[in-house]
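Work through the following exercises with the sequence and the model at hand, and try each task before reading its solution.

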Amino acid sequence: MVFDLKRCIGCNACVVACKTENMLPEDTFFTRTFVAEIGSFPNVKRVYIPSLCNHCEDAPCERACPSGATYTRDDGIVMVDQEKCIGCSACAVACPYDNRTQFSKEKLERSYFGEGELASFEEPRTERWLAGTVSKCDFCSRRIDNGLLPACVGACPTEARIFGDLDDPDSAPNKVLRQRNGTPPLPEKNTRPKVFYVD
């Protein structure tokens, strides 16, 4: 995935789409948009910086996982097998990007609407996610397997998120990277992220 920082307007449609698609609890995010202000008056610029799991080629989270719950699919997507996860959080500690979250029972069962019961659309959350496990963005792998884009990509009104096969030289993200020299997040970590930024 490539984030085009010139196109991101910080609307957070991606965040809402992700939370809806993944039925995430109120205080859990698989993607975020950070805001930075650069410069000083009167030459100030606001920049929006999207973030999610970087699906690293050399994923520290996968190496740290003692149960084999974290693994990489053939297409390069780093996944978490909820059934194998023992909730030790070694992956969360190992991730240099802080892109893991642990689901507590209380978190999964807390409604968006106060202390009451879960609304009908919130109930599948407790079936999809297991309490005590750790998870993260999986590029909406279920959607990809059905020929769809990740929810955050589909929801972006400015096409700031460009998704495709980085191994395909003709893919949209590859073309953008060739034209504009993309930069991975925290390159000094040497994890070989599959997420890049262009500005």
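Arg 63 is exposed, with a relative accessible area of 56%, where exposed means over 50%, buried under 20% and partly exposed in between (1.4 Å probe, protein chains only). The model is a predicted one, in which local features need pLDDT of at least 70 and side-chain atom pairs count only at pLDDT 80 or more, while totals for chains, interfaces and linings use all residues. Residues are numbered from 1 along each chain as its sequence is written, and side-chain values use heavy atoms, with hydrogens and water left out.

**Exercise 1.** Find the residue with which Arg 63 forms a salt bridge, and classify that residue by its accessibility.

*Solution.* We begin with the rule, by which a salt bridge is a side-chain nitrogen of Lys or Arg within 4 Å of a carboxyl oxygen of Asp or Glu. The side chain of Arg 63 meets that of Asp 58 at 3.1 Å, N to O. Asp 58 has a relative accessibility of 27%, and therefore counts as partly exposed.

**Exercise 2.** State how many salt bridges the rule gives.

*Solution.* The count comes to 11 salt bridges, among them the one between Arg 73 and Asp 75, whose closest N and O atoms are 2.6 Å apart.
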